[in-house]
Amino acid sequence: MAIKKNIMIDGKEIPFKASAAVPRLYRLKFRRDIYKDLKDLKTNVNPEDKENSSLDIESLEMFENVAYIMAQHADPTIASSPDEWLEQFNVFSIYEILPKLLELWGMNIEQQVESKKNLAQLTGK
């Protein structure tokens, strides 16, 4: 089951969706591992200490790609590329949006773990 969340970006409510399909969608679109990229982003970007965050151009691009895939998963009618999608925003702050996307992804992971526990209890495995 997917989890949806609206996040306010540049005065617009943007829907994002996390589900088991996101890693596959991300891998197909960007040829990268979303688990590794999210781990790197979590390590390199500290929203509470912007001065000491190791935010390089690759981290910024990973963040934009993760956000794009989760937004496109929520609304398949959005632009066909991250560049086109990002054009609608004047401001797109990694420090504001990344923690919310990580929270959404974390809720998705928790839900998947809980579903596996419930299935194991039902099947006795």
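Visitor: Why is Asp 37 called buried?
Guide: Asp 37 has a relative accessible area of 1%, and buried means under 20%, exposed over 50% and partly exposed in between (1.4 Å probe, protein chains only). The value of 1% falls under the limit, so Asp 37 counts as buried. This is a predicted model, in which local features need pLDDT of at least 70 and side-chain atom pairs count only at pLDDT 80 or more, while totals for chains, interfaces and linings use all residues. Residues are numbered from 1 along each chain as its sequence is written, and side-chain values use heavy atoms, with hydrogens and water left out.

Visitor: What does Asp 37 touch, leaving out residues up to four places away in sequence?
Guide: Its partners are Tyr 26, Arg 32 and Met 62; a contact means heavy atoms within 4.5 Å. Asp 37 lies in helix 2 (residues 34-44), a helix being a DSSP run of H or I with at least four residues, a strand a run of E with at least two, both numbered from the N terminus.

Visitor: Is Met 62 buried or exposed?
Guide: Met 62, in helix 3, is at 5% relative accessibility and therefore counts as buried. Apart from residues up to four places away in sequence, Met 62 touches Tyr 26, Arg 32, Asp 37, Asp 40 and Leu 41. Asp 40 is 22 residues from Met 62 in sequence, and their C-alpha atoms are 9.2 Å apart.

Visitor: What makes Glu 61, Asp 83, Glu 84 and Glu 87 a patch of negative charge?
Guide: These four gather on the surface. Patch residues have over 30% relative accessible area (Shrake-Rupley method, 1.4 Å probe, with only the protein chains shown as cover for residues). They also have no salt bridge, and like charges are joined within 9 Å. A salt bridge is a side-chain nitrogen of Lys or Arg within 4 Å of a carboxyl oxygen of Asp or Glu. Asp and Glu count as negative, Lys and Arg as positive, and His and the chain ends are not counted. Each charge is placed at NZ of Lys, CZ of Arg, CG of Asp or CD of Glu.

Visitor: What is noted about phi of Arg 31?
Guide: Phi of Arg 31 is near 60 degrees, a positive value in a residue other than glycine. Most residues other than glycine have a negative phi. Arg 31 lies in the loop between helix 1 (22-30) and helix 2, and its relative accessible area of 70% makes it exposed.

Conventions:
Patches are made of residues with over 30% relative accessible area and no salt bridge: like charges are joined within 9 Å, nonpolar side chains (Val, Leu, Ile, Met, Phe, Trp, Tyr) within 5 Å.
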